[in-house]
Amino acid sequence: MASSHDIMQRMREVQAAREKAFEPLAEILGQRADLQRQLAELDAPYGEAFVAAEAAGWTAEELTAIGAEEPAKRPKGRPRGARRTAKKETPRETSGASAPESSTAAIPGQEGTGEAATAAAGSVSG
């Protein structure tokens, strides 16, 4: 029968072999984390460059066909051209009678439902 010292020595040998096998994985994990951090740092400038290319006349479809992936995160805010367009269209839409009609159309339906429920409740209790 083996002594406890022999058993512990064998366990250390097995553990050392396992640690040695893990060393390349640990090194690659460190490199991988560094590369992922570098890639994340490029997300914002890449998104800005993609949007700048679109502003210069490229479509997202054209850019992806060439090999540029659409960015995961686009820069916050609207492009200046879209904001100017939205301001021009907004007065036309709100100057018409369509906006007030849509908001008042919902109110009578809600009031009518409430009145019907009140009338029904009044007739049941009275």
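**Salt bridges in a predicted model**

A search of the whole structure finds three salt bridges, a salt bridge being a side-chain nitrogen of Lys or Arg within 4 Å of a carboxyl oxygen of Asp or Glu. This is a predicted model, in which local features need pLDDT of at least 70 and side-chain atom pairs count only at pLDDT 80 or more, while totals for chains, interfaces and linings use all residues. Residues are numbered from 1 along each chain as its sequence is written, and side-chain values use heavy atoms, with hydrogens and water left out. Side chains of opposite charge can pair when their charged atoms come close.

**The pair Arg 10 and Glu 13**

- Arg 10 forms a salt bridge with Glu 13, and their closest N and O atoms are 3.5 Å apart.
- The two residues are three apart in helix α1 (residues 4–55), so about one helical turn separates them; helices (H or I, at least four residues) are DSSP runs, numbered from the N terminus.
- Arg 10 is exposed, at 51% relative accessible area, whereas Glu 13 is partly exposed, at 42% (buried is under 20%, exposed over 50%, partly exposed in between; 1.4 Å probe, protein chains only).

**The network around Arg 37**

- Salt bridges link Asp 34, Arg 37 and Glu 41 in a network.
- Between Asp 34 and Arg 37, the closest N and O atoms are 2.5 Å apart, and these residues lie three apart in helix α1, about one helical turn.
- Glu 41 and Arg 37 meet through their side chains at 2.8 Å, N to O, and they are four residues apart in helix α1, about one turn.
- Asp 34 is partly exposed, at 33% relative accessibility, and Arg 37 is partly exposed, at 41%.
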